[in-house]
2 protein chains.
Amino acid sequence: MRRTTLSLLAMAAASLNGVAAEEGMWTPEQAPEIARDMKRLGLKLKPEDMADLTGFPMGAIISLGGCSASFVSDQGLVATNHHCVRGSVQYNSTAENNYLDNGFLAQSLGDELPAAPGSRVYVTVGDRDATEDVVGGLAASLSGRDRYQAIEDRTKQLIEECESDPGHRCQVASFYGGASYRLIKRLEIRDVRLVYVPADSIGKYGGDIDNWMWPRHTGDFAFYRAYVAPDGSAADYAEENVPYLPEHVLKVSSGGLKAGDFVMAAGYPGRTSRYRRLGEVHETFDWYYPTWIETAEKRISLIEATAPDGSDARVKYESLLAGLNNYHKNRIGQIKGARRAGLAERRAEHEAKLNAWIAADASRETFAEAVRDLDQLIEEQNAKGRQSFWYDYASGPQLLSAARQLYRLAKEKDKPDSEREPGYQDRDLTRTRQQLTRIDRRFDPAVDRELWLYFLEQYMAQPAEARIAAFDEALGLPAAFDRAALERSLARLYENTDIDDQETRLSWMERQASAFEASDDPFIQLAVALYNDDMAREEDSKNMAGQLQQARASYMQALIAWNADQGLAAYPDANSTLRITYGSVMGGSPMDGLIYEPFTRLEGITAKDTGEAPFNSPSKMLDLIEAGDYADYDLKSIGSVPVNFLSDLDSTGGNSGSATLNARGELVGLLFDGTIESVNSDWDFDPRTTRTIHVDSRYMLWVMEKVDGADRLIDEMQLVKRR
Amino acid sequence: MRRTTLSLLAMAAASLNGVAAEEGMWTPEQAPEIARDMKRLGLKLKPEDMADLTGFPMGAIISLGGCSASFVSDQGLVATNHHCVRGSVQYNSTAENNYLDNGFLAQSLGDELPAAPGSRVYVTVGDRDATEDVVGGLAASLSGRDRYQAIEDRTKQLIEECESDPGHRCQVASFYGGASYRLIKRLEIRDVRLVYVPADSIGKYGGDIDNWMWPRHTGDFAFYRAYVAPDGSAADYAEENVPYLPEHVLKVSSGGLKAGDFVMAAGYPGRTSRYRRLGEVHETFDWYYPTWIETAEKRISLIEATAPDGSDARVKYESLLAGLNNYHKNRIGQIKGARRAGLAERRAEHEAKLNAWIAADASRETFAEAVRDLDQLIEEQNAKGRQSFWYDYASGPQLLSAARQLYRLAKEKDKPDSEREPGYQDRDLTRTRQQLTRIDRRFDPAVDRELWLYFLEQYMAQPAEARIAAFDEALGLPAAFDRAALERSLARLYENTDIDDQETRLSWMERQASAFEASDDPFIQLAVALYNDDMAREEDSKNMAGQLQQARASYMQALIAWNADQGLAAYPDANSTLRITYGSVMGGSPMDGLIYEPFTRLEGITAKDTGEAPFNSPSKMLDLIEAGDYADYDLKSIGSVPVNFLSDLDSTGGNSGSATLNARGELVGLLFDGTIESVNSDWDFDPRTTRTIHVDSRYMLWVMEKVDGADRLIDEMQLVKRR
């Protein structure tokens, strides 16, 4: 079986006929296979060099965990998006030194500030195929639950071996729905420091209003520096630590690009769903997104009402609100985009063609089976998803979640580390502690209770099969929703708990399960009461996951075989591993009658400026623009310094901070967003409307040189002037 | 004095050096003076012919009162906007025959339906200068009140003489702030019938969402027919009436325009403020608009809460809501546009230059005086405006307004007709009756009371000088706002009035003032109680108006003299009289990075379509588009039938329905909107952003021929195929 898979994967990549140049988040290993097309568009590097994760340029591409980044000096200087480091800016800000408002620029190494706790720089040091290790020899007849466990056990084993090398973090990543796996080893740099970040009025210019929008004028860039112990090993923050010396560094282009130029980006896109079945498309677009959008709107209005603008409580929920607003805009955009592009119709057509191809040859009967199995599992999963949707929210208030996580940890700690559930192993405890600490900055009992009441009301309106008896009983839910009564009983929970206190909460990390069972803390009691049901539902979902892995891997093999039969390559869905996307600088037409220009200009900043956030540029910047002081960073064809630009690259969340490279692999900008017309490309790439947004390196350098005086960093980087 | 004015006006128009071609809502009389520029842009007609209001093409240009229109067949067929006739469509719709949803097409003359009561077609038959008649010989020393009265008396006299010709409606229009006047005589056609209107899903496609927006895909066109008595005279609706035979008719172009072509429009723009003083700019943009926007938002949310979607009450307030939303969008757009274009800075600069010019020559001292007088009056007026802002709303609920109007009418009717206040003369009573009737369709006591409470709360929060004692006493307002108490007392007003009944309300039109004074209807009582104060405030405002007329006319003479000194022409602010605006078909860039294409395409309709209003095109239309069935109406350069197009014409509210004409005076479309970036052009024309939106005659004809089968009308019109 494995042989078939691999040979099909090889065949899949063999030819590119018919694949739109722009589509694809390619794994670096695939670089040689897309070489011809990249060269046709203008790539000057040797494509095969790009397959080497530890060579140039990929060796300079790093992950921050959630965001992408790159090394831009031999002293470990890291370029990424402003919005990727903003948490660290917030963490370091005080009323006297508000770095969000004023920006921050370290005048020397010694002035560089520790990033927020948990900040990391991940440098890939190894990457190998691990398909055989993970799924080799697994019998097709295994139950879903057993298959799941086998994969988990083998994965844990691989990670344990890999992480025996201190200072490293390893990951087993699944590609093509579990048809192949790779083991990725990364140096985990734990001393990350804030070097330079422009003020919000530059780095977040346009704010939520311009989020996902074009034209854009956001200086979404900032710099970290990676530090290691004097011996070069990863270490926690210490004064004696020294800058990490990366093996590969990107040169920074001050010449930049013009419309039509080749451009590529390397980073860590999070998740796409390009190979999902029609049943999943329908469930997502016809039920899940609309339902979620409704809950998001309700949550937003509840938070705004319970935590008025300017209140302390509001500060704690700004981050949740921003997230809800962001996804709200995104998902509405996805629904619109799916309608515009005919996602469901196209997917149905695609599946009909696949079916016809399968039916055309009796030897493809196993593929037909895979399709049937997968569709049946999807149907089951959709039903379960709808059933648990409201329960998951109703049982998800912050203190209850914390209590469940803590009790689970106590139970898991009774086992040897290697047998524990992933997320509860020793390697996970630092993150757990950070999560439990963070609650203090994000929790207000009044807001939490309002949201909980809303979720309970919705949960209680569900049919009997969606109700969880253990939950109903533990919470003493009456037959019908009674707001006043429930308000009182929830109030008692908040009044009588101690786990809203950080120290108390963290102290539970050290306790035995029996202590939980003896506790009279109402949230701990709830967690204990829900445990057996939680486990039963987890067993069920693991069984489903095991079955889905098997069915989806088989289905992907069918798809790959079909593609190969047509001479088409296939790239795997995004999974937070390193990918390359390439194409050209280009504007577009998001709709009939409207044209996006490929570049925005400094003068566009002034035109948008109102003096009030998020359109409140520093007056120094406005004066420089007024004076036309471009400092030689201007692009003649647009008559100004380019601020942001568009490309037809294929990107998604997680790509934020990705190095945007020209044909010679020089940094010409940073990828930071996609247009709202692009967001449905997570499901179906539409070359007509998909556009990725970058901040231009010329604008970065102009701001650094003219506005913020960051000469120290400009001098540290290797600038390239040629175009 | 008059001589000076006239000669200055003549000088003003003498030269066009330096005036942007696009700017200007020119009076037809000015056509010869703008001849050279129109010809340079491509006009093929003789410009001097356009000065003749009763010749071709101006003789075909008509007014509907509020909207513009034109004759497009020798059988009195009238082309105008869908949104200009929509009231008539609503008026004729029933649950069984919902013409809003289905559209309406009369299959023969006999099937044409009477338009809504009060619908009119005004055909200009005469127009002459009346400056001497209105202000000739008025002493500069007259008090404001006396000046006002003299102008009113002379105006009424002119109108009375003019209207002695039956079937005609006359108007004395003030130009250049009262520096000149014209007497305009129009045939008032009172039998107006609905001939053809596409469904809302074509004619209102995009609805409020696309209102003021580009790209646009709205089929905003419809047809009325003017009917007269068999002898050709204006007459009320009667079966025996016959189509009016206009002297001049526009040919309709099926060839249309391409980007860059000359284009002009003729219609009746309502109001602009291009010559307002900086003090008025500040008051409007810094106080009035922001305050109004706040009240509009509050009113919208109160109406939406009190009259939920789908309720009967909501139906009654749809029109108010639409108006509030429309102005809300418009005024926010004006504020943004004013900021973007630097309106206040530009106006200040302009005034400084004028001051310098005045100061440069001692003989211009009277101009300096005019500037000082006007600015002082503006300051006074601004203060009065702020003071009365909330009182006007608090004393403006519908039944109270009706009662005040009725009592005033009773008082006025004691005087001979010619001495009555304009608006209360016999010539006005038909409209008064229509207004009083219309209340039934727009009034709900619960909503009215909610709004009233809000206004009262605001009014009561004002300082003592903004309070009206008579009002406070009559309404028994307590010292501090007490919502509950006020709710009860207002409820009693609504319960005990009879004027919410239409018949009762109209019956008061016939009663004597003494009957009002003896009435126990609470709204009538309120009206009587407020009367003396109303009159005192009216006297005051007439005095102010008289002073302002004098000061503004003098100021405009200063401006005109200054312009003339620079060889610049001046056009008067819009005042609902016939104007010509000309320019070219062109897209634009509303902001850095974004480009408006000049045309939209049929395919753009499909792309916007969601199946739900306002994006719910008829499936027949979508099928035709899918099939690419352009019926030879396509424009090759855009590869489709053009739906809407942009031009740099200078237009404003009231221009809706204006005939859009090509270089030969053929109808190439109908003007129906401006882009949101253009709305501040009411105060300051900005050639970079001002764009007017037209529906293309090719789209009109395509819809008529392919979608709605309106062949009868196409046959009736004279089509011109050449481009």
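Phe389(B) and Trp390(B) are both buried, meaning under 20% relative accessible area with a 1.4 Å probe and protein chains only (over 50% is exposed, in between partly exposed). This is a predicted model: local features need pLDDT of at least 70, side-chain atom pairs count only at pLDDT 80 or more, and totals for chains, interfaces and linings use all residues. Residues are numbered from 1 along each chain as its sequence is written, chains are lettered from A in the order written, and side-chain values use heavy atoms, without hydrogens or water.

Rings of Phe, Tyr and Trp (its six-membered ring) pair if their centres lie within 6.5 Å; planes under 30 degrees apart are stacked, over 60 edge-to-face, the rest tilted. Phe221(A) and Phe223(A) are edge-to-face because their planes meet at 75 degrees, with centres 6.4 Å apart. Phe221(A) is buried at 0% relative accessibility, and Phe223(A) is buried at 1%. Phe389(B) and Trp390(B) have centres 5.0 Å apart and planes at 85 degrees, so this pair is edge-to-face.

Now the contact between the chains. Chain A and chain B each bring 20 residues, with contact meaning heavy atoms within 4.5 Å. About 1,500 Å² is buried between them, 61% of it from carbon and sulfur atoms; buried area is the accessible area (1.4 Å probe) lost on putting two parts together, summed over both. Asp592(A), Gly593(A) and Ile595(A) supply 37% of the area that chain A buries against chain B. Asp592(A) also forms a salt bridge with Arg601(B), the closest N and O atoms being 2.7 Å apart. A salt bridge puts a side-chain nitrogen of Lys or Arg within 4 Å of a carboxyl oxygen of Asp or Glu.
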